[in-house]
Amino acid sequence: MDAAWLILATIRAINGKFLKMHTRQETIRLSGYNSNRLTYLEKTKVVVPAQRIKREGKQRDQVLYSDTQIEILRQLRHLEQWFNIETLRSYVRNDPGVRQRIKAFLTAGGDRS
């Protein structure tokens, strides 16, 4: 894989702002989750990587997470101190306004005031 292509694939321009994409290893370091937990969160569609780069042969696909997803993972890890993931998933599914409240919370920088 060409290094220049990888650099271009990891930095995206969105609404005039540059959004850094993080590899799985960076996501593990930044979120505090291990690889198995990230796989579980992806399989259960709680947090799905922003981008998947297909690799040839038997190599695993490379997954990339956005800055926003890193923040969601951090907040989720914090919430899991009080609730299990299934309870959180159920809440999100059953309350149509919860996604907007979560988005507003994250947009405000996690400030509860």
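Lys45 counts as exposed, at 67% relative accessibility. This lysine lies in the loop between H3 and S3, and its phi is near 60°, a positive value in a residue other than glycine. Keep in mind that this is a predicted model.

- Strand S4 spans residues 62-66 and is mostly covered, with 5 of its 5 residues buried.
- Gln62, Leu64 and Ser66 point one way from S4, while Val63 and Tyr65 point the other way.
- In a regular strand the side chains alternate between the two faces of the sheet.
- Strand S3, residues 51-53, pairs with S4 in the antiparallel sense, over 3 bridges.
- Leu64 in S4 is the bridge partner of Gln51.

**The nonpolar core**

- Which residues make up the largest nonpolar core? Its 11 residues are Tyr33, Leu38, Leu41, Val47, Val63, Tyr65, Ile70, Leu73, Leu76, Ile85 and Leu88.
- H3, S4, H4 and H5 are the elements that give two or more residues to this core.
- H4 gives the most, with 3 residues.
- Val63 and Tyr65 belong to this core, and both point to one side of S4.
- Val47, another core member, is in contact with Leu41, Glu42, Tyr65, Gln69, Ile72 and Leu73, leaving aside its neighbours within four places in sequence.

**Salt bridges around Arg52**

- The structure holds 5 salt bridges.
- In one of them, the side chains of Glu42 and Arg52 meet at 2.0 Å, N to O.
- Glu42 lies in helix H3 and Arg52 in strand S3, so this pair ties together parts that are 10 residues apart in sequence.
- Is Glu42 buried or exposed? Glu42 is buried, because its relative accessible area is 19% and the cut-off for buried is under 20%.
- Arg52, by contrast, counts as partly exposed at 38% relative accessibility.
- Arg52 also forms a salt bridge with Asp61, where the closest N and O atoms are 3.7 Å apart.
- Asp61 counts as partly exposed, at 24% relative accessibility.
- These residues belong to a network of salt bridges that links Glu42, Arg52, Lys54 and Asp61.

**The Arg37 and Glu80 pair**

- A further salt bridge joins the side chains of Arg37 and Glu80, at 2.4 Å, N to O.
- This pair links distant parts of the chain, 43 residues apart: Arg37 sits in helix H3 (residues 35-43), and Glu80 in the loop between helix H4 (67-79) and helix H5 (85-94).
- Arg37 is partly exposed, with a relative accessible area of 24%.
- Glu80 is also partly exposed, with a relative accessible area of 22%.

**Aromatic rings**

- How many aromatic pairs are there? The count comes to 0 aromatic pairs.

Definitions and conventions:
Residues numbered from 1 in each chain as written. Predicted model: local features only at pLDDT ≥ 70, side-chain atom pairs only at ≥ 80, totals over all residues. Heavy atoms only, no water. Buried < 20%, exposed > 50% of the residue type's maximum accessible area, 1.4 Å probe, protein only. Helix = DSSP H or I, 4+ residues; strand = E, 2+ residues; numbered from the N terminus. Pairing = 2+ DSSP bridges. Salt bridge = Lys/Arg side-chain N within 4 Å of Asp/Glu carboxyl O. Phe/Tyr/Trp six-rings, centres within 6.5 Å; stacked < 30°, edge-to-face > 60°. Core = buried A, V, L, I, M, F, W, Y, C linked by side-chain atoms within 4.5 Å. Contact = heavy atoms within 4.5 Å.
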